[in-house]
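Have the sequence and the 3D view open as you read.

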Amino acid sequence: MNTQQSQKSAINYFVLGNVHCQAFDDFRDAVNIQKGTTIHDQISFDCLVIDVSYHGANSITLVNQHLDIGLPILLCNISEQHWRELGTLTGFFTLGGSQACLIIRQTDEAERLHYTFIDLPDSSNPKLRLQAAPIKSEVSESSQANVQNYHESSSDQDPDIAFFSSNFQSPERESEKNQSFQTLVETNLLRTKALPSKVSDVPPDLKFVTYTFSQSVPLHLGKPNNNNGDQVATTTHSWIWTVYYNNYGNELFQYIHLQTSATVSPGSLAVNNDEERAWSQSYFALSIKPQSDQIFWFQSSPETINNSTTVTDSTSFTINFDISESPSGGGSFTADKSTTRDITDWKIVETTAGSCGAWQYSQQNPYDATQNNLQDRFTFWGHVKELPNLSLYTLQSHTQIVWRTTLPTRGYARFDYRADWKFVDSWSTDCALGLCSTIHTVYGWHWWWDVPGYFNIDIGKVIDGNSPNVPDPDDLFTVELTEDAEGEPLAKVSPPRDAKRGAKFVIVEEDEPLKKVSPPRDAKRGAKFVIVEEDELLKKVSPPRDAKRGAKF
């Protein structure tokens, strides 16, 4: 941001103690700031600024105090350990550290939580995995294209990598990142200022919690072949997590709904004519997977889309919830979300498998960006083909996925993700003023940006602390082996394998039968077991964990 601008933003910040943060320093002269060591009147400002490195161990206490009263907090210099400590307050934390992060805690009319995180990752997060891929092809009227000298590399020592990333960490690049971050911060602060509490159309008895996480990161694309200046692409990625509790009826479990949106703009192309086009965007991919066998895929969208000018992503599922004061005892709510947008000359391939949601967005015309056939980028005479608007301007991707748990689950669930972007520079030799000779050489570069990471989400926040529907994990039971589905006596079983095949078990406590169960379902609910056979104690185990190690019972 230009710090000389005459009109300051409408946001009032209160800086608590000292703050040494480049992300904040880059726009502090353009905003209204109050400074102090204690807060007397939080109504007079819109955002509290805390430098975690300055306040040390007391930082999390300060955050807890002021989030409770609904005050947005801009935290600076957050380590990965700080994120984990914040997770104990919010139920959410992510990979790596952050230069800064805005945290907004809101509640709706039923006191349900909605957290918003606007994040600026530190210089080492996200990790840069750059693939420089020069391609050369000799072309003539009488021969087919012969692609030569193709290679990809992610080595920091590779000269092609240095060509692209030489000034990625320069002060100019950091300033661009901070400007994008400020825009996201102030947009959300203004929205919160206008609507201090969340208004929800969801029934008040339905239990859910929402986390919104957003990052905006400029990608420096380096100088193209003709050295005509560099180019900066901008990516903004948002994740909206909503955890619902289905706590009425025959089944008790959680739904986990994720909406993602990624807006990618290549910026003003450094070169865009018949002889060269650099840098156009050509590919975006996203994958997200829970690291738990208690969470499985339920729905996802969009499906694979080819030869269509629009795409719609949508999900719809019904949550049954308990209403203690209702004569019927329960109600239901259908959560449905839908977004439609233009996809002209691009295609979407859904590669979701198992519990992992995955999508690829790629340019389809005038050439398929998933293929390395360089000659497809050019006309017969060596002109670089014109590109569609989505490749030159702004691409917006939207995906949705719904998971559900096998049974009510307390604690954190980890979701690993990966995002990839691809940009292209294509040019031809022996061209002048748009005219090319009949024998020419065509070239291309690929530039990849790869971001790995993970989210940890406390999906148990929707479950009441004293909920009778979730077993106490400290309960100890005894399991007596009885018979299989055909009535034959069992000598040895291996939960969960035999359990899934229909074997039944009797749980007893103080020698009194309680009920019949089928591990691993009850085991996953937290029950601990003592396995006995012929009245002789064998050992204490916790199926299915020990069972998966190969223990026999």
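## Charges over rings

R404 lies over the face of F253, at 3.5 Å from the ring centre. R414 sits in the same way over Y454, here at 4.0 Å from the ring centre. A charge sits over a ring if NZ of Lys or CZ of Arg is within 6 Å of the ring centre and within 35 degrees of the ring normal.

A word on the ground rules: this is a predicted model, in which local features need pLDDT of at least 70, side-chain atom pairs count only at pLDDT 80 or more, and totals for chains, interfaces and linings use all residues. Residues are numbered from 1 along each chain as its sequence is written, and side-chain values use heavy atoms, leaving out hydrogens and water.

## Aromatic pairs

The structure holds 27 aromatic pairs; rings of Phe, Tyr and Trp (its six-membered ring) pair if their centres lie within 6.5 Å, and planes under 30 degrees apart count as stacked, over 60 as edge-to-face and the rest as tilted. The rings of F213 and F455 have centres 5.3 Å apart and planes at 75 degrees, so this pair is edge-to-face. F213 belongs to strand β10 (residues 208-220) and F455 to strand β24 (residues 440-458), so the pair ties together parts that are 242 residues apart in sequence. Strands are DSSP runs of E, at least two residues, and helices are runs of H or I, at least four residues, numbered from the N terminus. F213 is buried at a relative accessible area of 2%, and F455 is buried at 0%. Buried means under 20% relative accessible area, with a 1.4 Å probe and protein chains only.

Y244 and F317 make another edge-to-face pair, because their ring centres are 5.8 Å apart and their planes stand at 70 degrees. Y244 is buried at 6%, as is F317 at 3%.

F213 and F455 also belong to one aromatic cluster, whose members include W83, Y115, W239 and W403.

## The open sheet

11 strands form an open sheet with mixed pairing, in the order β2-β1-β3-β4-β6-β7-β10-β11-β12-β20-β15. Its edge strands are β2 (32-36) and β15 (295-301), each pairing on one side only. Two strands pair if DSSP finds at least two bridges between them.

Strand β6 (residues 98-107) is mostly covered, with 8 of its 10 residues buried. Strand β4 (residues 73-78) runs antiparallel to β6 and is joined to it by 5 bridges; L74 has L102 in β6 as its bridge partner. β6 also pairs with strand β7 (residues 113-121) in the antiparallel sense over 9 bridges, and C101 stands opposite D119 in β7. In the hairpin of β6 and β7, 5 residues lie between the strands, and E111 takes a positive phi near 65 degrees. What is the bridge partner of D119 in β10? The partner is Q215, and β7 and β10 pair in the parallel sense over 6 bridges.

## A buried lysine

Is K422 buried or exposed? K422 counts as buried, because its relative accessibility is 4%. K422 is found in strand β21 (residues 412-428). A polar atom of the K422 side chain lies 3.1 Å from the backbone oxygen of A369.

Conventions: Buried < 20%, exposed > 50% of the residue type's maximum accessible area, 1.4 Å probe, protein only. Polar contact = N/O pair within 3.5 Å; in protein donor to acceptor, adjacent residues only side chain to side chain.
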